[in-house]
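Me: I've got a structure open here. Can you walk me through a few spots?

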Amino acid sequence: MIEVKTLDKPDERRDFPQGHLEAVHLTGLDFAVATFEPGWRWSESVAPIAGTDSCQIHHNGYVVQGRLHVRMDNDGGESEVGPGDVFVCPPGHDAWVVGDEQVVVYDFAGGMAQEYAKAD
């Protein structure tokens with residue numbers, strides 16, 4: 001059986017300061033589209049909702065638009081991702097928008113669609 005859903009009608013939307021997430025849930029795939037506005041930073045916008053000091057979600061992502069800077073907790077490693085970049089980011093990081101352009105990220109890992117910015 002094939003399942004098809006459109007991002008024009010996501011199963012859910014979660015709004016948080018300076019951004020939002022739209023998710024679709026299919027058998028074997030939870031897919032998220034995250035939109036972050038200029039000035040967005042995980043530790044300021046999502047940490048109060050998550051109740052953790054850093055993002056504890058694993059990401060398998062693709063950047064559609066904008067630039068995002070990521071800093072890892074464990075070793076302080078940093079990287080910047082931009083349009084066309086595919087990335088894997090383990091739990092334990094902070095991230096923020098670089099510049100004045102909105103960031104749009106597609107996330108295939110599942111955790112973002114299931115738990116990200118979800119209040120208990």
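Me: Is D94 buried or exposed?
Reply: D94 is buried, at a relative accessible area of 11%. Buried means under 20%, exposed over 50%, partly exposed in between, with a 1.4 Å probe and protein chains only. This is a predicted model: local features need pLDDT of at least 70, side-chain atom pairs count only at pLDDT 80 or more, and totals for chains, interfaces and linings use all residues. Residues are numbered from 1 along each chain as its sequence is written, and side-chain values use heavy atoms, with hydrogens and water left out.

Me: What does D94 touch?
Reply: Leaving out residues up to four places away in sequence, D94 touches R41, W42, S43, H69, V70 and R71. Contact means heavy atoms within 4.5 Å.

Me: How far is W42 from D94?
Reply: They sit 52 residues apart in sequence, but 5.7 Å apart in space, C-alpha to C-alpha.

Me: Which strand holds D94?
Reply: Strand β8, residues 93–98. Strands are DSSP runs of E, at least two residues, numbered from the N terminus.

Me: New topic. What's the order of the open sheet?
Reply: Its six strands go β1-β2-β3-β9-β4-β7, with antiparallel pairing. Two strands pair if DSSP finds at least two bridges between them. The edge strands, β1 (12–16) and β7 (86–89), each pair on one side only.

Me: How many bridges join β4 to β7?
Reply: Four, and the two strands run antiparallel. In one of the bridges, N60 has V88 in β7 as its partner.
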